[in-house]
Amino acid sequence: MEEKKTVVQAKAQDEDQISRMPTADTVKVSVRTLVEFIMRSGDLESGSGRMDSDAMQAGTRLHRKLQKSMGSDYTSEVPLTISIPLKDGEESFFLVIEGRADGVIRNPDDTFIIDEIKCTYRDVMQLEKAEQVHLAQARCYAYMLAFTEPENTAGPVFGIQLTYCNIETEQVRRFQEELSAQELTKWFDALIKEYAKWAVWERRWRKLRNASAKELQFPFPYREGQRDFTAGVYRSILREKKLFAMAPTGVGKTIATVFPSVKAVGEEIVEKLFYLTAKTMLRTVAEETFSLLSGQGLMFKTVTITAKDKICILEKPECNPFACPRAKGHFDRVNDALFDMLTNEKNITRELIEAYAQKHTVCPFEFCLDLTLWADAVICDYNYVFDPTVSLKRFFSGETKNNYVFLVDEAHNLPERAREMYSATLRKEEFLSVKRLLGKQMSGLTKKLEACNKEMLRLKRECDSFTEQKEFGTLALLLTRLTTECEEYLKDEKRSGTERDAVLNLYFEVRHFLAMYDFSDTDYRYYTSYEEDGSFYARVQCMQPARALSEQLKKGKSAVFFSATLLPVRYYMEELGGTEEDYAIYVPSPFFRERRLVSVGCDVNFRYANRGRRMYEKAAEYILMFTAAKRGNYFVFFSSYRMLQDIGAVLEEKLQSERSVILHKQKTNMTEEEREEFLAQFTDEAVETHIGLCVLGGIFGEGIDLKGERLIGVVVVGTGLPLVCEERELFRRYYDEKTGESGSGFERAYLYPGMNKVQQAAGRVIRTMEDKGAILLLDDRFAGNQYVSLFPKEWYPYETVTLTTLSGHLQNFWERI
């Protein structure tokens with residue numbers, strides 16, 4: 001034993017050495033990541049990982065309850081760290097393993113027992129033995145505690161206890177084992193030997209990456225405000241703050257956020273970057289930015305997460321060994337695939353992921369997720385960080401703070417997306433549908449489905465159209481019982497087909513509903529209502545997502561929220577979890593103001609009561625006058641699809657004999673191919689005038705980039721305020737109560753969302769330094785102080801016009817530039 005101590009070293013001695021060593025001579029890994037990565041094996045099973053994560057979330061309180069119920073000799077949440085010396089050729093470095101034991105029981109004879117707690121929906125009394133991964137975690141903690149505290153090494157055996165607890169019944173079952181010091185050491189050494197090559201690879205890659213990042217220079221001459229923006233990003237990371245940046249088009253937002261973040265990674269201030277977007281097109285921009293830096297010599301592994309349904313080899317994703325040949329034995333092969341790709345490829349692309357997945361017969365989606373563990377940057381949708389149902393549990397499952405930086409692109413989209421992520425809906429018909437599919441084959445499950453359906457029926461009888469509820473207590477209890485039956489049903493691996501898919505989908509929806517109901521607080525409301533088709537549903541509605549987002553953001557070091565339309569910034573800071581200590585910056589536009597004309601038509605109003613043929617005629621006249629001033633390409637955005645159809649019909653009537661003007665209408669549910677065909681009509685060398693009729697907040701309202709002559713003017717018809725409805729009024733009342741300010745509810749429920757869509761639509765024109773274009777806002781409300789206060793700085797000075805004066809203003813503008 002004494003000889004072993006000289007190899008392993010005591011914790012204090014290791015930390016003293018580490019503090020004097022360059023960071024590149026340590027590689028860190030968590031206990032959970034280590035054992036799950038090395039010890040995984042067997043088949044890929046649909047939903048198994050998500051079931052475990054759902055149980056972990058729901059079991060947090062029960063976990064703490066179990067810890068508190070233990071005696072005075074029980075210490076909970078014990079942080080442990082150990083440093084293992086490894087060799088990379090002739091050089092030495094340390095593998096630093098970190099973790100937190102659920103509990104340590106101290107015996108009277110000074111020996112100890114490691115307690116690892118796992119909460120589950122399974123019937124714990126039917127468990128025959130502890131799962132190997134759970135057992136491995138506990139063994140690691142036992143070894144770490146023994147060999148980092150010399151007094152613990154005296155015992156002849158080390159005790160390990162796995163505590164399984166059913167979330168619904170709170171039944172507990174424990175499994176114990178005892179290992180001698182020799183047995184524990186032999187097991188731990190074998191684990192480290194398996195992981196050593198990965199640690200060596202990581203060390204070598206980090207050295208290459210850090211050296212290349214140190215030499216990296218900003219790839220362009222700085223534009224106005226861009227240097228300050230870049231410096232602000234770096235300072236925010238260094239000071240571990242959040243930065244909210246209003247950065248207009250043309251500032252170069254992506255490179256201004258990525259460059260300083262890459263520098264921080266190279267200096268090992270940051271471990272990993274998460275570049276988060278709401279749209280696929282923006283992910284492409286991020287990829288191109290990292291590729292640009294790679295072209296300048298940067299060694300940086302970046303992984304873009306492609307949605308499962310887009311990368312799956314099957315027509316419909318079905319992750320089980322009976323349906324997919326790659327699911328069979330996936331975990332037996334995936335580590336070889338990872339090491340093969342990491343050691344042979346500098347850059348990671350979707351094409352390479354698919355090729356290596358095929359070579360090693362593994363699931364390309366799961367393979368992609370595993371690659372994120374070794375990547376320096378992960379480009380993905382907001383969901384993979386913030387959504388409780390699909391977030392990357394390998395990074396965000398615990399409460400540990402990590403050296404991650406979140407770069408949140410088009411951050412104005414996040415509040416609404418987050419509200420949806422942290423809300424939940426259950427439809428009555430879903431219970432009946434699954435019950436009909438199962439028939440009488442599963443009496444226990446069908447009885448629980450029937451009980452849930454009856455409670456939904458009771459709520460339906462009390463709801464005429466929309467009913468706010470104080471709680472869903474009875475429903476939640478019945479749903480919890482249903483999940484247990486679903487778990488039992490899904491445990492049978494031979495079950496497949498339509499019935500299993502239906503049960504699995506319902507299970508996930510119920511688990512999410514329960515998780516959100518359990519998470520809810522005063523920033524939530526509950527209600528029941530009906531869909532347009534008459535189907536009844538119960539809703540747990542997140543009103544403000546700040547708390548939920550803050551809890552995820554705390555798992556990282558810093559976050560940068562940036563958008564061209566982050567006004568008013570105080571509102572977005574409140575919604576996105578900002579504090580008084582965080583930073584906000586308004587980056588000036590580099591474009592010449594004289595190249596942009598902003599006009600407000602003050603003799604029209606498109607309030608719902610004013611809409612009709614007369615007002616639509618006037619709108620059409622405005623549009624035709626605006627587009628007649630200069631031949632070219634224009635977009636007209638309408639507050640609703642119905643308004644687009646109505647005013648579009650008037651325009652078609654007026655243009656019946658006019659062949660030099662061509663209308664293009666946005667359709668509902670356009671395919672990607674149809675969208676591309678629509679945009680392809682707007683070319684640099686337009687012979688005729690092309691007018692695209694689009695919907696505010698729709699697919700053409702943001703994220704498209706028509707430069708130069710491809711778009712020279714935008715008209716916005718109406719203010720874009722959301723339609724008044726029961727749910728929107730619920731938001732208005734909530735914010736009135738929360739702020740205690742008259743009119744605050746209207747601003748947050750209607751005005752800010754509407755004006756953001758207007759700003760985004762207007763931002764489609766003027767995309768480069770050479771562009772020039774005109775913007776026309778059609779509604780007299782735009783001239784009011786409440787709306788003008790939300791105009792971006794680059795819209796000033798703006799002009800108010802009428803149908804009589806518009807032509808002259810346009811003529812002066814186009815002649816001047």
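1. Start with the second largest pocket: its volume comes out at about 1100 Å³. Bear in mind that this is a predicted model. Lining that pocket are 46 residues, and Thr249, Gly250, Lys253, Asp705 and Arg767 are the ones nearest its centre.

2. Where does the lining come from? Helices H9 (253-266), H10 (280-295) and H28 (744-762) each supply at least two residues to the second largest pocket. H10 has the largest share, with 7 residues.

3. On to the packing. The largest nonpolar core has 189 residues, and Ile97, Phe367 and Phe635 have the most contacts inside it. Apart from that core lies another one, of 35 residues, which includes Val604, Phe606, Ala774 and Val801. As background, nonpolar side chains tend to be buried together in soluble globular proteins.

4. Phe635 is worth a click. Leaving out residues up to four places away in sequence, Phe635 touches, among others, Phe678, Phe682, Phe700, Ile704 and Leu711. Gly692, Cys694 and Gly713 are also among the residues it touches.

5. Is Thr498 buried or exposed? Thr498 counts as exposed because its relative accessible area is 53%, over the 50% cut-off. Thr498 sits in helix H21, which covers residues 498-519. Its C-alpha atom is 8.2 Å from that of Leu437, 61 residues away along the chain.

6. Finally, confidence. Mean pLDDT for the protein is 91, with 94% of residues at 70 or more. Over residues 1-22, though, pLDDT stays under 50; the model has 31 contacts beyond four places in sequence for that stretch.

Notes. Residues are numbered from 1 along each chain as its sequence is written. This is a predicted model: local features need pLDDT of at least 70, side-chain atom pairs count only at pLDDT 80 or more; totals for chains, interfaces and linings use all residues. Side-chain values use heavy atoms; hydrogens and water are left out. Helices (H or I, at least four residues) and strands (E, at least two) are DSSP runs, numbered from the N terminus. Buried means under 20% relative accessible area, exposed over 50%, partly exposed in between (1.4 Å probe, protein chains only). A nonpolar core is a set of buried Ala, Val, Leu, Ile, Met, Phe, Trp, Tyr and Cys residues joined through side-chain atoms within 4.5 Å. Contact means heavy atoms within 4.5 Å. pLDDT is the predictor's confidence in each residue, from 0 to 100. On a 1 Å grid over the protein atoms alone, a cavity is a set of points where a 1.4 Å probe fits but cannot get out, and a pocket is an open set with protein on both sides within 12 Å along at least five of seven lines; lining residues have an atom within 4 Å of a point. Grid points are joined across faces, edges and corners, and a volume is the space filled by probe spheres set on the points.
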